[in-house]
Amino acid sequence: MKLKCANIVKYGFILANIIIFLGGLILLIGGISILCEPELLNLPGNPSETFSVIIITIGVLLIIFSLMGIYSSIKTLRIVLIVYTCVFLFLSLVKLCTAITGTVFLGGPQFESYLTSSLSSYFRFNSTNVVDRDKFQFAFKCCGWLTFMDYFDDAKNRLDAPASCCRIDNCRSNDITGLTYFERSCKSIMYYAFSYLLNAFCYIMITFSILLLINATLSIFMIVQLRKRRNSANDDYKF
């Protein structure tokens with residue numbers, strides 16, 4: 001019965017590591033895809049590079065340690081299992097803390113103020129990144145951070161809206177009525193897009209932290225079983 005229970009733990013441990021390996025592989029492929037094709041996110045501020053590097057790093061770590069877990073369980077290497085358990089407990093704690101921090105940040109006023117301070121300058125008459133701004137406004141059919149009046153130049157006392165604001169052909173850049181521009185503000189779309197990304201990241205962190213905790217628990221059971229088996233062997237040898 002004890003042998004059967006030990007085998008169940010062992011094969012369950014291997015299965016959990018295979019799941020983590022596949023999850024790491026998916027993250028690695030997804031991160032590389034975003035890194036090679038940053039237009040997939042199509043957001044100003046270039047968050048795709050940072051996001052993809054984080055995803056790739058997590059994917060590589062999960063692949064390495066899942067293979068390490070599979071190898072140590074097949075070869076019944078107690079020392080490797082102990083290292084594996086400590087690393088996975090640490091990683092699960094880091095991922096869980098990261099997810100909690102991200103959730104708190106997303107639900108607080110800091111998130112909106114961070115977006116405003118970081119990106120609102122893109123949607124002004126003196127924009128610091130015209131290319132990203134125009135791509136975003138064309139793609140999501142929005143104009144200005146709050147309204148088209150964000151492109152009003154106080155020094156010249158005139159409106160100077162970019163062509164990416166136009167919802168009709170040949171609209172004027174100084175249409176003070178705003179009837180020819182997209183009505184939606186880019187802030188609302190940006191808030192939704194970054195909220196979606198951060199939520200997805202938090203869910204990924206929570207899911208993998210749970211998987212890592214399960215794996216670490218199974219690893220502890222295996223370490224205990226190996227220790228009991230070694231003690232039993234020593235007792236038989238002494239006898």
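**Ground rules.** I worked from a predicted model, in which local features need pLDDT of at least 70 and side-chain atom pairs count only at pLDDT 80 or more, while totals for chains, interfaces and linings use all residues. Residues are numbered from 1 along each chain as its sequence is written, and side-chain values use heavy atoms, with hydrogens and water left out.

**Helix H3.** I took helices as DSSP runs of H or I with at least four residues and strands as E runs with at least two, numbered from the N terminus. H3 has 30 residues and reaches 43 Å from its first C-alpha to its last, close to the 44 Å expected (1.5 Å times one less than its number of residues). I then looked up which of its residues are buried (under 20% relative accessible area with a 1.4 Å probe and protein chains only; exposed is over 50%, and partly exposed lies in between), and found among them Leu 81, Tyr 84, Thr 85, Phe 88 and Leu 91. An α-helix has 3.6 residues a turn, so residues three or four places apart point the same way.

**Thr 85.** This residue of H3 counts as buried because its relative accessibility is 5%. Not counting residues up to four places away in sequence, Thr 85 touches Ala 216, Ser 219, Ile 220 and Ile 223, where contact means heavy atoms within 4.5 Å.

**Nonpolar core.** I defined a core as buried Ala, Val, Leu, Ile, Met, Phe, Trp, Tyr and Cys residues joined through side-chain atoms within 4.5 Å. The largest one holds 52 residues, of which Phe 88, Phe 123 and Tyr 181 touch the most other members. The elements that give it two or more residues are H1, H2 (47-75), H3 (78-107), H4 (109-119) and H6 (186-238), and H6 gives the most, with 16 residues.

**Tyr 11.** Tyr 11 lies in helix H1 (residues 2-36) and is exposed, because its relative accessible area is 54%.

**Salt bridges.** Requiring a side-chain nitrogen of Lys or Arg within 4 Å of a carboxyl oxygen of Asp or Glu, I have a count of 2. In one, Arg 133 meets Asp 134 at 3.0 Å, N to O, and both residues are buried. In the other, Arg 167 meets Glu 183 at 3.4 Å, N to O; both lie in the loop between strand S2 (158-159) and H6, 16 residues apart. Arg 167 is partly exposed at 41% relative accessible area, whereas Glu 183 is exposed at 68%.
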